Amino acid sequence: MPPTDVLPAPGATVWLTGLPSAGKSTIAHACEPVLRARGLRVEVLDGDAVRPHLAAARGYSREDRAINIRRIGWVAELLARNGVLVLVSAIAPYADVRDDVRRAHADNGTTYLEVHVSTPVEVAATRDVKGLYAMQRAGEITGLTGVDDPYEVPPSPDLVLPAHTQPVAGSVTLLVDHLIDRGLAGPRDVTTRETA
């Protein structure tokens, strides 16, 4: 447990946006135990894991994607305003929809940080974690974000993680340090506890 003289950090939503296979989920899940070890309440909302529960009947049209992202944003804000540090790993390809989520947080006085996992499409396509790039090349799917469907790069994210140029641990360190600097992850010298 954290020292008793350390006040709990406020909740916040940290939205990791980027192309498919950019490393968003990997970074979020790697950050989770590091932040828990600092005594924080942390939840990861992974876009792929959440979709079946919040948007199972939705497809991948622009409207359907927008609805899915706004729903994830609503859940994240609800958790964050109740003291949870929420790491969202979801593509969220459209700037206006990301702005809607940011505004919804601001309306409730809830902190929202946008983190761009900036892996370029050429690198993401070689990783191809879910085989999406291969399926698109084979003509089996269309509407792949960043290939034949838009991905609008955040013009001024709170943090950029060049996940293609560093190991996962490097991205985790950058993100955790940023959260500490923003007062969202406790003091820099907090004593961490072991996590199972």
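This tour moves through the structure element by element, stating what to select and what is found there.

**Before starting**

The model is predicted, so local features require pLDDT of at least 70 and side-chain atom pairs count only at pLDDT 80 or more, while totals for chains, interfaces and linings use all residues. Residues are numbered from 1 along each chain as its sequence is written, and side-chain values use heavy atoms, with hydrogens and water left out.

**Stop 1: the sheet**

Select the five strands, which form an open sheet with parallel pairing in the order β2-β3-β1-β4-β5. Strands here are DSSP runs of E with at least two residues, helices are runs of H or I with at least four, and both are numbered from the N terminus. Two strands pair if DSSP finds at least two bridges between them. The edge strands are β2 and β5 (159-161), each of which pairs on one side only. From one strand to the next, the twist averages 20°. Axes are lines fitted to C-alpha atoms, for helices over the stretch in contact, and angles between N-to-C directions run from 0 to 180 degrees.

**Stop 2: strand β3 and its neighbours**

Select β3 (85-89). Five of its five residues are buried, which leaves the strand mostly covered. Buried means under 20% relative accessible area, exposed means over 50%, and partly exposed lies in between (1.4 Å probe, protein chains only). L85, L87 and S89 point one way from β3, while V86 and V88 point the other way.

β2 and β3 are parallel and share five bridges; V42 has L85 in β3 as its bridge partner. β1 also runs parallel to β3, and five bridges join the two. Here V14 stands opposite L87.

**Stop 3: S89**

Remain on β3 and select S89. This residue counts as buried, at 3% relative accessibility. Which side chains make polar contacts with the side chain of S89? One is that of S25, at 3.2 Å, and another is that of D46, at 3.3 Å. A polar contact is a pair of N or O atoms within 3.5 Å; within protein, one must be able to donate a hydrogen and the other to accept it, and residues adjacent in sequence count only if both atoms are side-chain atoms. Leaving aside residues up to four places away in sequence, S89 touches residues including L16, K24, A28, L45 and G47. Contact means heavy atoms within 4.5 Å.

**Stop 4: helix α2**

From D46, proceed to the start of α2, where a side-chain oxygen of D46 reaches to within 2.9 Å of the backbone nitrogen of D48. Select residues 47-54, the extent of α2; its buried residues are G47, V50 and R51. They cover an arc of only 115° around the axis, which puts them on the same side of α2; the arc is that of the directions from the helix axis to the C-beta atoms.

**Stop 5: the aromatic pair**

The structure holds one aromatic pair. The rings of W15 and Y112 have centres 6.4 Å apart and planes at 45°, so the pair is tilted. Rings of Phe, Tyr and Trp (its six-membered ring) pair if their centres lie within 6.5 Å; planes under 30 degrees apart count as stacked, over 60 as edge-to-face and the rest as tilted. W15 lies in β1 and Y112 in β4, so the pair ties together parts that are 97 residues apart in sequence. Both W15 and Y112 are buried.

**Stop 6**

Select S21, in the loop between β1 and α1 (24-36). S21 is buried, with a relative accessible area of 12%. Its side chain reaches the backbone nitrogen of V129 at 2.9 Å. Among the residues that S21 touches, not counting those up to four places away in sequence, are A124, R127 and Y133.

Finally, select L132 in helix α6 (residues 132-137). Is L132 buried or partly exposed? With a relative accessible area of 24%, L132 is partly exposed. Not counting residues up to four places away in sequence, L132 touches P20, I141 and L144. The C-alpha atoms of L132 and D48 are separated by 13 Å, and these residues are 84 residues apart along the chain.
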